Amino acid sequence: MILRPLHRALLPRSAGDGMCFMLIAAGVPLTYIFQVTVIMPELHNVGSFWYTIIWLAGIFLVFNITSNLLACMLVDTSIKMHILKPPLEPQLLSRWHMCDRCQALVPPRSWHCETCDVCVLKRNHHCRFTCCCIGHHNYRYFFYFLFYMGLGALYVTINASIYLWYLHADFYWRPYTLVTILVPAISLTVHASWENFYVVIYELNILAFLMSVLMLIYHRPILQRGTVVKDRLSNAYNLGLRGNMEMVLGKRMYWTWLSPFVRSELPHDGVNWLPLTKEE
Ligand SMILES: [Zn+2]
Ligand SMILES: [Zn+2]
């Protein structure tokens with residue numbers, strides 16, 4: 001695994017990337033503080049068994065969201081991660097192609113990203129929230145970032161729903177709450193209050209949950225068929241569900257859910273691909 005320099009990994013490549021990243025960088029800690037200081041003390045006795053368990057679960061979720069996000073950004077999955085030498089075997093070499101932008105012969109399944117301005121090994125897509133391309137070496141972290149983001153957002157949404165619509169229904173069941181949901185920026189400008197702020201965080205969590213679920217559904221063929229977004233219906237590299245999952249999560253895939261720090265070597269170098277079928 002090769003890491004990119006910190007200053008390059010954290011520097012957004014476009015305004016859109018920067019805004020999406022800031023949404024996560026601000027939204028995750030704010031949601032955690034909202035959950036721990038506002039919601040949890042009303043749902044459980046502070047210091048009780050369930051309070052401690054849920055508090056620990058919250059830390060586990062926040063740790064996995066942020067560390068997988070950072071791993072995604074830091075792990076270099078571009079063709080520049082090491083000096084790529086085209087293979088000597090004609091069968092493998094014939095599958096490489098010239099990238100005019102990189103001015104280099106690049107391996108099969110590598111595509112150029114206009115935003116990152118580099119070819120990416122087994123490129124999936126450019127992710128605005130992580131400000132980088134998702135490819136062969138960082139897909140694992142992207143997958144767990146999405147998974148834990150969806151899980152965390154669902155959990156907060158359920159708890160916040162109880163807080164807003166049941167415990168404080170007398171306050172929140174009013175037309176202005178709908179205004180805050182529809183136009184949060186205007187609502188907060190006109191009437192800045194903690195109550196309105198809670199509604200905005202609640203809304204952000206619903207959006208985070210829906211986006212994570214939609215992205216996971218959209219990416220399902222990648223695990224099911226061993227594809228990438230560009231040719232998501234191809235069966236050319238389909239190794240079966242277990243083989244495909246190992247290709248993105250690594251040889252110790254059953255432990256990778258614990259943390260991005262669990263080492264799990266990928267079974268392929270991401271360079272010399274040979275299709276299993278003629279279809280591609
Ligand atoms: Zn290129
Ligand atoms: Zn990119």
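Reader: Is the crossing of H3 and H5 left-handed or right-handed?

Author: Left-handed, for H3 and H5. You call a crossing left-handed if the near helix is turned anticlockwise from the far one by less than a right angle, and right-handed if clockwise. Helices here are DSSP runs (H or I, at least four residues; strands are E, at least two), numbered from the N terminus. Mind that this is a predicted model, where local features need pLDDT of at least 70, side-chain atom pairs count only at pLDDT 80 or more, and totals for chains, interfaces and linings use all residues. Residues are numbered from 1 along each chain as its sequence is written, while chains are lettered from A and ligands numbered from 1 in the order written.

Reader: At what angle do the axes of H3 and H5 cross?

Author: Axes are lines fitted to C-alpha atoms, for helices over the stretch in contact, with angles from 0 to 180 degrees between N-to-C directions. H3 (residues 49-74) and H5 (residues 139-167) come within 8 Å and cross at roughly 150°. So H3 is roughly antiparallel to H5 (over 145 degrees; under 35 is roughly parallel, 65 to 115 roughly perpendicular, the rest oblique).

Reader: Which residues of H3 and H5 meet?

Author: Contact means C-beta atoms, placed from the backbone, within 7 Å. On the H3 side you'll find Leu61, Asn64, Ile65, Asn68, Leu69, Ala71 and Cys72; H5 brings Tyr141, Phe142, Tyr144, Phe145, Tyr148, Met149, Leu151 and Gly152. By class, this H3–H5 contact has twelve nonpolar, three polar and no charged residues (nonpolar: Ala, Val, Leu, Ile, Met, Phe, Trp, Tyr, Cys, Pro; charged: Asp, Glu, Lys, Arg; polar: the others, Gly among them). Zooming in on Tyr141, and skipping neighbours within four places in sequence, its contacts are Asn68, Ala71, Cys72, Val75 and Pro260.

Reader: And how do H5 and H9 cross?

Author: Their axes come within 8 Å and cross at roughly 145°, and the crossing of H5 and H9 is left-handed. Among the residues in that contact are Leu146, Met149 and Ala153 of H5, with Tyr202, Ile206 and Phe209 of H9. The H5–H9 contact counts 15 nonpolar, four polar and no charged residues.

Reader: How many residues does the largest nonpolar core have?

Author: 49, with Ile65, Cys72, Tyr141, Phe142, Phe145 and Met149 having the most contacts inside that core. (A core joins buried Ala, Val, Leu, Ile, Met, Phe, Trp, Tyr and Cys through C-beta atoms within 7 Å; buried means 20 or more other C-beta atoms within 10 Å of a residue's own, exposed 12 or fewer, partly exposed in between.) H5 gives the most to this core, 13 residues. Across the protein chain, buried residues make up 31% of the 280.

Key. Two residues are in contact if their C-beta atoms, placed from the backbone, lie within 7 Å.
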